Amino acid sequence: MTVPPTTRPAANGRPASALDASASVDASAILRRQRARESSARTYARSFPIVPVRAKGLTIEGTDGRRYLDCLSGAGTLALGHNHPVVLEAIRRTVDSGAPLHVLDLATPEKDDFTDALFATLPSAFADRARIHFCGPAGTDAVEAALKLMQTATGRSGLLAFTGAYHGMTAGALAATGSVAVKERVAGGGAEVTRLPYPYPYRCPFGIGGERGAELSATYTERLLDDPAGGVVPPAAMILEAVQGEGGAVPAPDGWLREMRRITAEREIPLIVDEVQTGVGRTGAFWAVEHSGIVPDAMVLSKAIGGSLPLAVIVYDEKYDGWLPGAHTGTFRGNTLAMATGAATLRYVAREGLVERAATVGARMMARLEGLRSELPVIGDVRGRGLMIGIELVDPEGPLDSCGARPVAPELAERVRAACLDRGLIVELGGRFGSTVRLLPPLVITDEQTEAVLERLADAVSAAAGPGAGAGSVSAPAPVQRGRRS
């Protein structure tokens with residue numbers, strides 16, 4: 001959707017800032033300087049060659065005035081979308097109060113309030129015995145802290161992790177991550193990690209899919225750990241995602257999660273659940289563990305808990321709190337602004353019924369996308385939970401495997417992403433071979449925006465697939481009950 005550039009009144013005849021005068025910004029020059037000065041490791045900038053200057057809710061506006069519907073949402077960070085009034089008010093209130101913005105791990109009213117707000121959202125069986133540790137600003141820092149905590153508590157060093165996992169890019173988190181591409185050039189990238197099969201019905205590691213595939217995953221895990229010749233030394237912990245994000249929006253069956261909890265509890269192996277991307281209502285429950293009812297030993301939290309600002313914590317059972325002072329630190333663990341915006345976001349999500357809305361809208365979006373499969377055979381699988389959705393694209397002419405899946409189509413997925421951008425829609429890819437289009441819209445997405453996202457995505461898939469792919473139209477959605485407004 002192309003719209004005229006937005007104009008704003010100027011103070012004293014001049015723009016308030018260079019960013020306000022977006023028409024004067026040379027986007028091509030900025031992108032050129034970025035390519036020349038930033039590292040080759042940059043990612044999203046390669047996929048989306050735009051220069052955002054304004055954003056609100058689901059919408060990002062570029063220097064040319066063109067607006068995009070953002071279904072990346074900071075990789076799930078923006079539960080309330082861009083610049084939500086609740087977040088902006090928390091920032092202004094905190095700044096105007098004169099509160100210290102950085103005090104390491106000293107106690108502050110803002111930290112105390114954030115902890116209250118967070119603990120109020122956690123499952124009571126977990127919160128009643130919980131301790132919290134504030135880490136560095138990113139999820140990978142929290143993963144490192146959780147691993148170190150359990151190594152300290154158990155005196156062990158090994159780790160159980162899963163195929164398709166993503167836990168971060170620092171050393172320990174990278175070892176737990178499943179992607180071969182990001183590990184193979186890093187010496188020791190897979191050290192002391194036993195890789196277990198994650199249930200993935202469309203491309204089942206056992207070649208059978210369905211409930212039976214999940215049952216075999218649990219059976220394999222249990223027998224491997226109990227096999228005296230299995231090669232697995234008792235580990236410090238198991239880490240898993242209740243819904244794999246970068247792995248392609250693959251949800252774990254609730255029964256399988258309960259089996260992982262039973263298996264680890266019986267063998268006194270601490271269970272760490274990575275809720276960095278699934279937390280704060282994303283999956284249609286405040287925390288993804290609530291779907292299965294399991295109580296982990298530790299939860300890793302980041303992204304949306306900071307209300308769009310950097311914040312990462314681990315929350316864990318107090319029986320593992322064997323650290324000495326200074327055993328794990330991070331300079332920016334005392335981010336006062338993030339604690340204020342995080343507390344405001346957590347309370348708003350709970351108060352306004354956004355968790356329930358994510359479940360309702362997400363289910364409706366997946367049903368609509370599932371209906372497109374008959375029209376667009378390049379759509380091999382639609383999956384996810386809540387507003388964490390994956391559409392796996394395939395070669396419809398390729399042979400079926402034992403689970404009925406067609407071959408992956410990464411080049412098609414890249415064309416779809418580009419076609420979406422051309423239509424004013426930002427989506428990102430994930431999953432095996434980058435063939436899964438991922439949708440992570442904010443929880444405040446409106447009915448009208450939901451319709452626009454589905455229409456643009458369907459049109460992009462149809463166009464990228466080429467002649468004969470089908471019109472890719474979607475029927476109008478039934479009304480969705482909005483969350484209560486204050």
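I looked up Ser47 and found it buried, because its relative accessible area is 16% and buried means under 20%, exposed over 50%, partly exposed in between (1.4 Å probe, protein chains only). This is a predicted model: local features need pLDDT of at least 70, side-chain atom pairs count only at pLDDT 80 or more, and totals for chains, interfaces and linings use all residues. Residues are numbered from 1 along each chain as its sequence is written, and side-chain values use heavy atoms, with hydrogens and water left out.

Ser47 sits in helix α2 (residues 44-47). Helices (H or I, at least four residues) and strands (E, at least two) are DSSP runs, numbered from the N terminus. Leaving out residues up to four places away in sequence, I find Ser47 touching Arg417, Leu421 and Glu428. A contact means heavy atoms within 4.5 Å.

Next I checked helix α14 (residues 410-422). Arg417 and Leu421 are among its buried residues, along with Leu412, Ala413, Val416, Ala419 and Cys420. How far apart are the end C-alpha atoms of α14? They are 19 Å apart, which agrees with the 18 Å that 13 residues should span at 1.5 Å a residue. The expected span is 1.5 Å times one less than the number of residues. Just after α14, Gly424 takes a positive phi of about 80 degrees.

Then I turned to Ala99, in the loop between α4 (85-97) and α5 (109-121). Is Ala99 buried or exposed? It counts as buried, because its relative accessibility is 15%. Its contacts, not counting residues up to four places away in sequence, are Thr94, Glu110 and Thr336. From Ala99 to Pro109 I note ten residues in sequence and 9.1 Å in space, C-alpha to C-alpha.

I followed Thr336 into helix α12 (residues 336-351). The axes of α4 and α12 come within 9 Å and cross at roughly 140 degrees. Axes are lines fitted to C-alpha atoms, for helices over the stretch in contact, and angles run from 0 to 180 degrees between N-to-C directions. On the α4 side, the contact uses Val86, Val87, Ala90, Ile91, Thr94 and Val95. On the α12 side, I list Thr336, Leu337, Ala340, Thr341, Ala344, Thr345 and Tyr348.

Last, I looked at the whole protein chain. It has 15 helices and 17 strands. Of its 486 residues, 55% are buried. Among contacts with a separation of 6 or more, 71% join residues 24 or more positions apart.
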